[in-house]
Amino acid sequence: VQPRVELPGCSHGFTNEQALLDSQCLGSLTQSGIIDASSVCATMRMRWWDAARILIPHVQGTAERSRIRQAAQVIKNGAANVLQLVQRVTADELPLVVPAVQWAQDRSSVRVLVRYSPKKHGPVSVANVDDAQVQIGEKLISFNAVGKGKKL
């Protein structure tokens with residue numbers, strides 16, 4: 001069974017956006033002002049964005065617009081979660097980014113600055129790092145971390 005959008009005042013439901021956009025029903029709905037949040041939400045659930053954009057200006061009342069905003073936020077959050085899952089990769093698959101490193105020393109100490117940017121004076125690429133690992137040896141300093149999806 002193909003999903004349908006039923007709109008008040010329309011004699012039949014719609015199974016595709018173009019049929020709704022081409023129908024006389026849409027014109028009479030926008031002229032009558034009887035569009036409620038459930039009609040707009042139904043078009044958004046079907047991802048009929050053009051139809052939703054046409055209907056929204058004709059929705060009356062703050063409560064109705066609030067319902068539409070909440071429904072749109074749920075759709076947006078769901079899409080963002082799916083996108084995060086698609087973009088998530090394991091740490092082994094992350095591209096290696098070599099950060100800019102500066103060091104200074106005197107007779108008693110060595111100072112090392114790891115800048116989370118591929119360029120010494122460029123913009124910072126990573127605001128926070130996770131799993132920072134620093135190893136200091138007699139002749140070697142090693143730094144590994146993961147930040148915002150980029151392995152440093």
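Exposed, as used in these legends, means a relative accessible area over 50%, whereas buried means under 20%, and residues in between are called partly exposed. The structure shown in each view is a predicted model.

**View 1. The two sides of helix α2.** On one side of helix α2, Gln 24 and Gln 31 are exposed. The buried residues of this helix, which spans residues 24-32, are Cys 25, Leu 26, Leu 29 and Thr 30. Just after α2 comes Gly 33, which takes a positive phi of about 75 degrees.

**View 2. The disulfide of Cys 10 and Cys 25.** The structure holds one disulfide, and the residues that form it are Cys 10 and Cys 25, with their sulfur atoms 1.4 Å apart. The link of Cys 10 and Cys 25 is left-handed, with -65 degrees about the S-S bond. Distant parts of the chain are linked by this pair, since Cys 10 belongs to the segment before α1 and Cys 25 to helix α2, the two being 15 residues apart. Cys 10 has a relative accessible area of 15% and is therefore buried, and Cys 25, with a relative accessible area of 13%, is buried as well. A further cysteine, Cys 41, is also buried, its relative accessible area being 7%.

**View 3. The salt bridge of Arg 4 and Glu 6.** The count of salt bridges in the model comes to three, and one of them is the bridge in which the side chains of Arg 4 and Glu 6 meet, at 3.5 Å from N to O. Arg 4 counts as partly exposed because its relative accessibility is 45%, whereas Glu 6, at 51% relative accessibility, counts as exposed.

View 4. Asp 50 and Arg 53 form a salt bridge in which the closest N and O atoms are 2.6 Å apart. An α-helix has 3.6 residues a turn, so residues three or four places apart point the same way. Asp 50 is partly exposed, with a relative accessible area of 39%, while Arg 53 has a relative accessible area of 54% and is therefore exposed.

View 5. Arg 67 and Glu 64 are separated by about one helical turn, because they are three residues apart in helix α5, which spans residues 62-87. With a relative accessible area of 39%, Arg 67 is partly exposed.

**View 6. Arg 47 and Glu 17.** Arg 47 is found in the loop between α3, which is made of residues 37-45, and α4. At 62% relative accessibility, Arg 47 counts as exposed. Although Arg 47 and Glu 17 are 30 residues apart along the chain, their C-alpha atoms are separated by 8.8 Å.

Note on methods: Residues are numbered from 1 along each chain as its sequence is written. This is a predicted model: local features need pLDDT of at least 70, side-chain atom pairs count only at pLDDT 80 or more; totals for chains, interfaces and linings use all residues. Side-chain values use heavy atoms; hydrogens and water are left out. Buried means under 20% relative accessible area, exposed over 50%, partly exposed in between (1.4 Å probe, protein chains only). Helices (H or I, at least four residues) and strands (E, at least two) are DSSP runs, numbered from the N terminus. A disulfide is a pair of cysteine sulfur atoms within 2.5 Å. A salt bridge is a side-chain nitrogen of Lys or Arg within 4 Å of a carboxyl oxygen of Asp or Glu.
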